[in-house]
Every structure is written in C-alpha cells, then in structure tokens.
Amino acid sequence: MAKQTTPTQILPCDGQKQESLPQSPPSPPHSLGSRLNRATRFINQLAESNLARHDLTLPQWVVLTALWRSNGLKITHLADYCNNGQPALSRILDRMEAKDLVERCASPADRREVRVFLTEKGRSLSYLKEYLQQFNQAMMTGLNEQQQQMLFDLLDHLLVNGKKIEAGEITLAPIGPEA
C-alpha cells in the first residue's frame, strides 16, 4: 500500500522576512561545472528538438552516426563511441530496433560477440550525417577557426585534467569538517 502524504502547509511570512526577500533570481555562479552543465543542457535540448522532427532522440542519432561511419560495430566499441555504458546502450538499441533502424547480430564465430548493423531504414536516414557539422557551425557563429579549435582544445584539456584528478595525479585541497 502506498504511503499517503499530506501537502506541506505554506505559512505566510512575517513583515520582517518580506522586506529582505530577493526581487530577482541570483546570477549563475562563476563556476566551470555550472557553465558547462548549462551549455550542455541547452545544446542537447536544441539538438533533441531538431532530431525529433525525424523521430530520433540525440542518443539514437549518435548511434546512427557511428554506424554510418562503420556499420557492424561491436557493442563494446559502440558504447565507447557513444560514451554510454552497455546497459544504457542496450536500452537505446532496443528502441532503435523497435523503429527498425538497427539490428543486433551474434557473430557466427563467437556468439558472445554482438555486432550492430543498420537496417535499410537506418541507412535511409544518412542525409542526417551533415547535421553535426551544420549544428556545430551554427553554435559557433561568431568564432573564427582559431577560436573554434581553441574551444575544442580547452575542452580536451579539461577532460585530461579530470582524468588526472580521478587518478590522483592532481590533488584537490581537502574541504569540509575533516579538512
């Protein structure tokens, strides 16, 4: 039986609290993580809305881009390309198979090895190959080639540093009560 919850009662504020209430939201923090998260979320929402016109999600489109480049990839290679774990990729592929975009086939030599192939319908969407380039160009309007390359280089540098932090090669100062 589901637990019954009662709505939270919101009490009126006293006059003193009313006087000190902010009149506008705070500006976003000057935080790398916050900026990257906001930009990523916005870019993904734009891409999702454009791809929805073709009955695709962004993760499905990423799978298609890999297979248009190299049809018949192993599941493990496809998961690496898509930056997804195999369980998440499996759910994406389930939906794509239901749409008749891809099919999974076990290797005759080793049934544990599964490869993913485009169907005719998946191949027919190859006109979307250029979408990434067009989308990137639109997002980087106003940046010259040098600035665009610098943006990618800086993002790669952040990824490298993140991996170094994860591996303990770069240490963070301790924070909190244990510090």
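Student: How far apart are Y131 and F135 in helix α7, in terms of helical turns?

Tutor: Before the answer, please note that this is a predicted model, in which local features need pLDDT of at least 70 and side-chain atom pairs count only at pLDDT 80 or more, whereas totals for chains, interfaces and linings use all residues. Residues are numbered from 1 along each chain as its sequence is written, and side-chain values use heavy atoms, with hydrogens and water left out. Helices (H or I, at least four residues) and strands (E, at least two) are DSSP runs, numbered from the N terminus. Y131 and F135 lie four residues apart in helix α7, so about one helical turn separates them.

Student: How is a pair of aromatic rings described?

Tutor: One gives the distance of the centres and the angle of the planes. Rings of Phe, Tyr and Trp (its six-membered ring) pair if their centres lie within 6.5 Å; planes under 30 degrees apart count as stacked, over 60 as edge-to-face and the rest as tilted. This structure holds two aromatic pairs. For W61 and Y131, the ring centres are 5.6 Å apart and the planes stand at 85°, so this pair is edge-to-face. The pair connects distant parts of the chain, since W61 belongs to helix α3 and Y131 to helix α7, 70 residues apart. The rings of Y131 and F135 also have centres 5.6 Å apart, but their planes are at 35°, so that pair is tilted. Through these ring pairs, W61, Y131 and F135 form a cluster.

Student: Are W61 and Y131 buried or exposed?

Tutor: Buried means under 20% relative accessible area, exposed over 50%, and partly exposed in between (1.4 Å probe, protein chains only). W61 and Y131 are both buried, and F135 is buried too.

Student: How many residues does the largest nonpolar core have?

Tutor: Such a core is a set of buried Ala, Val, Leu, Ile, Met, Phe, Trp, Tyr and Cys residues joined through side-chain atoms within 4.5 Å. The largest here has 27 residues, and W61, L78 and L93 are among those with the most contacts inside it. Elements giving two or more residues include α2 (32-52), β3 (114-118) and α7 (131-139); α3 gives the most, with seven residues.

Student: Which residues does L78 touch beyond four places in sequence?

Tutor: Contact means heavy atoms within 4.5 Å. L78 touches V63, A66, L73, L89, L93 and V116.

Student: Where is L58 found?

Tutor: L58 is in helix α3 and is buried, with a relative accessible area of 16%. Leaving aside neighbours within four places in sequence, L58 is in contact with N44, A47, E48 and L51. L58 and A47 are eleven residues apart in sequence, and their C-alpha atoms are 6.7 Å apart in space.
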